[in-house]
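The sequence and structure are shown first.

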Amino acid sequence: MLAFILRRAGAMALTMLALSFIVFALVNLEPNLRKLALEQNNTRMEAAAVERWLTENGYRAPLLERYGAWLGGVVTGDMGRSTRFRAPVAEVLWPRLGYTAVLAFWVLVTMIPGALLIGVLAGMREGSATDRSLSVFAIVTSATPEYVSGIIFTVIFASGLGWLKGVARAGAPTFDTLALPVMTMAIYGMGYISRMTRAAMAEVMTAQYIRTARLKGLSFRAIVLRHALRNALIAPFTVIMLQFPWLLTGVVIVETLFNYKGFGWTLVEAANNNDIDLLLACSLVSVAVVLTTQAISDIGYAALNPRIRVS
Amino acid sequence: MQFLSAGQIVAQALAQFWPVWLCLAAIFGAGLAFRGRLGLFGRLFHSGVGMAGLGLVLFWALTAVFADVVAVHDPLAQFGAVKRQGPGVIDPVSGAAFLFGADNLGRDLFSRVAHGAQFVLIIAPAATLVAYAIGVALGLPAGYFGGRIDAALSFLANLVLAFPVILLFYLLVTPGVRETAIPNAMAGVFFLFPLLVAGGAIWLRYAGRRAVLIPAMAAVIGVGGWLYVGLVFAPPGPFVTLAPNVLNIFAAVVFASSPGVFRIVRGLTMDIRTRDYIAAAQTRGERAWYVMLWEILPNARGPLIVDGCLRIGYTTILLGTLGFFGLGLAPESPDWGSMINQTRGFIRLGAFIVLPQTLALASLVLGLNLLADGLREQALRD
C-alpha cells in the first residue's frame, strides 16, 4: 500500500509540474505581457518603451529560466505580487481561500448526506414510485447548471418570497446570505452523486448475498442497513472525490453570481485584469485541489474495497 | 405603455412557433407509424421519458432551423422606448408587441431566445462530434494495445482533466490567445482527426474494392478537405469559415471534452477486445486498426450514443458558462449564456427579464438528458 501511495504521489508531482508549466506559458503569452506593460506604465507607451520595460523587469528572459525562478519562489512561499489588489499574492489568496472553504464546507455538509439518502432510497427498491420520482429529480437538477438554478432560486426566494438575500458576503456568513449559494451548488451536485449511489445500490440489491440474507429471514431494514449499504457506498465515495473539479467550477460560477468574494471571485478578477502572478497562483491551487482529490479517491477506493489489490 | 394580456401572449408565442409545431407533428407521426422499422430510434417511441426528451431536443433544433421565421424582430435591433419592459409590452413607436418583454437595451427577448438556439445547436453537436473523433482515434489504440501507448495517452488525458473547466477557459479563450496562432493550431490538429478516422475506416474496409473505395475516398477528402481548409485557415473564397472568437471557443470546448470521450472509448475497448468475435477477426488475420474501427467501434455504439447525448448537453452548459463569464463571445451576441449574463443584473426589476433564456437553456439540457436516459433504457433491452 505504501509503495502504491508513493507512486501516486510521484505521478501527481509530475502532473503538477507539467500543468504548472503549461499554465505559466499560457499566462505569459506575448499579448498579455504587452498589455501588462501598458497597464503598469501608461497606455500610450510606444512599442520601444514597452520592449525596454519588459527587458528591465526580466520578462524577456527565456521562458524556462523564468519558470524556474517562479517555481523557486513558489516553493519558498513567495508567489509574487498581485497587480489588481496591489499586495503580495499570498496576502490576497489565503484569506479568500478561507472564505471559499466556509462555502465549500456547507455545500459538502448538505450535499453528501442528501445525495446518499436520495440514492439509497431510490436504489433499494428499483422501479418503485419513490425510485422513479427521485430519478426524475436527479435528472432535472443535474441538467440545470448553477448559473440557471442560482437565478431561478434568487427569483423565487429573494425577489419573490423575500426570505433570503441574493447577494452573499464573504467573511461574515449568515444564514440568509449563505443559503442561496450553498443551495445552488449542493442541488447541482446532488443530482449526479445520487444517480451514482442509486446505480450502486440497485446493483448491490441484486447480489447473491442479499438474497441469502433475505432467505435467512432478516428484515428489509437490517438487509439495507447492515448488508447493502456498506458495499453500495464505495462507488459514491469515488464519485464524490471526482466531483471536486466540478465543485471548483461551481464555486467560480456561484461566487460570481452572488458576489461572494472568495477564491472563485479572485480567479475571475485576476483573469479579467491580466493579473499574471495571482492567476498563476489561483491555477496552481485549483490544479492541486483536483489532483489531491483524485489521489485520495484512488487510494481510498483501494483501502475501502478489499477486492482491489494494489500491486 | 400598453400590454397584451397573458392569454394573448401565450397564444401569439405559440403561433409564432408554427413551423416548429408542424415539423414536430410530422416527425412524431412518422416515428410512431414506422417505429417498428427504425431500430434504436424507433424504440424511443416506446418510452415516455425518451419521447419527452426527443420532443424537447427536436423543439429547439427546429427552432434553430426556423429562427428567422419564429423571431418577431431582429435579435440585435434596439427599441429605446420599451427598455426593461415586461412581457407583452407594445412599442408605442412601431406598434409591435414584445412577447417576452424587452431586455436592458430594448431588444426583443423572444427573438433573441429563438436565435440563441442557433448558436448552441450548431456549436455543441459539432464540437461533440470532433471530440468524439479525437476520443475514438486515441481511445481505441489505448484500450486495444494497452502498455506504453495507453500509459502515455492516459497521462495526457489526465493532464487536461486535472484542469477545472472554467480555468481552462480563462486561459484559452482570451483576446491574448486569439492574437497568437494557438486557436488555429489547435483547430488544425483537432479537425485532422475526423478526416483520419473517416478516411482510415474507408481505406481499411474497401482497399480491395476500387469501385467503392475511389468515390468514398474522394468524398471524404473533397468535402473534409474543403471544410478543413476553410475552418482552419479561413482563406478568402467559397469556404465555410468561423469568426476568430468562435473558432477559439470551438477549439477550447473540443479540448475540454475530448479526454472524457477518450476515457469512455478506452474503457469500452478494453471490455470488448476480450470477446470471441474479436479473437475471430484476429485469427482471420485482420489488421489491428481494422479490428478497432470495424469490429470494436460498431459494437460500442450503444453506450457511445448515450454518452454523446449527455455530452452535447454538457457542451451546451459549457457554452452557457462561456457566455455567463463573457468569454470569447461578442457582447451583443444572442446566445443564451451571454443573455443571462447581461440581464441578471436587472433581476430586481422583475424575473421576466432573465427567465426566458435560463429556461431555454435548462430545457434543452434536460431534453438531452432525458433522451440519453430513454436511449439507455431501450439499448439495454437488447
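## Contacts and the model

Two residues are in contact if their C-beta atoms, placed from the backbone, lie within 7 Å. The model is predicted.

## Chain A overall

The secondary structure of chain A consists of 14 helices and 2 strands. Its C-alpha trace spans about 85 × 55 × 30 Å along the principal axes. Chain A has 311 residues, and 40% of them are buried. Of the contacts in chain A with a separation of 6 or more, 73% are between residues 24 or more positions apart.

## Helices α5 and α13 of chain A

Two packed helices are described by the angle between their axes and the distance between the axes. For helix α5 (residues 89–124) of chain A and α13(A), the angle is about 135 degrees and the axes are 7 Å apart. Angles under 35 degrees count as roughly parallel, over 145 as roughly antiparallel, 65 to 115 as roughly perpendicular and the rest as oblique. α5(A) and α13(A) are therefore oblique to each other.

On the α5(A) side the contact involves A:V92, A:L93, A:R96, A:L97 and A:T100, which meet A:F263, A:G264 and A:T266 of α13(A). By class, the residues of this contact between α5(A) and α13(A) are 4 nonpolar, 3 polar and 1 charged.

How much of α13(A) is covered? Most of this helix is, with 8 of its 10 residues buried. These buried residues of α13(A) are A:F263, A:G264, A:W265, A:T266, A:L267, A:E269, A:A270 and A:A271. They pack against α5, α12 and α14 of chain A, and also against α8 (165–172) of chain B.

In the loop between α12 and α13 of chain A lies A:N259, which is not a glycine but has a positive phi of about 55 degrees. A:N259 has 13 other C-beta atoms within 10 Å and is partly exposed. Just after α13(A), A:N274 also has a positive phi, of about 55 degrees. Most residues other than glycine have a negative phi.

## A residue of α14 in chain A

Is A:V285 buried or exposed? This residue of helix α14 of chain A has 21 other C-beta atoms within 10 Å. A residue counts as buried if 20 or more other C-beta atoms lie within 10 Å of its own, so A:V285 is buried. A:V285 and A:L6 are 279 residues apart along the chain, and their C-alpha atoms are separated by 21 Å.

## Contact between chains A and B

The contact between the chains involves 36 residues of chain A and 35 residues of chain B. On the chain A side, the elements that give two or more residues are α1 (2–27), α2 (30–40), α6 (129–142), α7 (146–160), α12 (244–257), α13 (263–272) and α14 (276–304). Among these, α7(A) gives the most, with 7 residues. The side of chain A that touches chain B has 25 nonpolar, 9 polar and 2 charged residues.

## Helices α6 and α16 of chain B

Within chain B, helix α6 (residues 109–145) packs with helix α16 (residues 301–324) at an angle of about 125 degrees, and the axes are 9 Å apart. That angle makes α6(B) oblique to α16(B). Their crossing is right-handed.

The residues of α6(B) in this contact are B:V120, B:I123, B:A124, B:P125, B:A127, B:T128 and B:Y132. In α16(B) they meet B:G308, B:R311, B:I312, B:T315, B:T316 and B:L319. The contact of α6(B) with α16(B) has 8 nonpolar, 4 polar and 1 charged residues.

## Sheet and loop in chain B

In what order do the 3 strands of the open sheet of chain B run? The order is β1-β2-β3, with antiparallel pairing. β1 (2–3) and β3 (97–98) of chain B are the edge strands, each pairing on one side only. β1(B) and strand β2 (residues 89–90) of chain B are joined in the antiparallel sense over 2 bridges, and B:F3 stands opposite B:V89 in β2(B).

B:A234 is in the loop between α12 (210–233) and α13 (244–272) of chain B. Its phi is positive, near 45 degrees, in a residue other than glycine. With 17 other C-beta atoms within 10 Å, B:A234 is partly exposed.

Definitions and conventions. Residues numbered from 1 in each chain as written. Chains lettered and ligands numbered in written order. Predicted model: local features only at pLDDT ≥ 70, side-chain atom pairs only at ≥ 80, totals over all residues. Axes fitted to C-alpha atoms, helices over the stretch in contact; angles between N-to-C directions. Helix = DSSP H or I, 4+ residues; strand = E, 2+ residues; numbered from the N terminus. Left-handed = near helix turned anticlockwise from the far one by under 90°. Nonpolar A, V, L, I, M, F, W, Y, C, P; charged D, E, K, R; others polar. Buried ≥ 20, exposed ≤ 12 C-beta atoms within 10 Å, placed from the backbone. Pairing = 2+ DSSP bridges.
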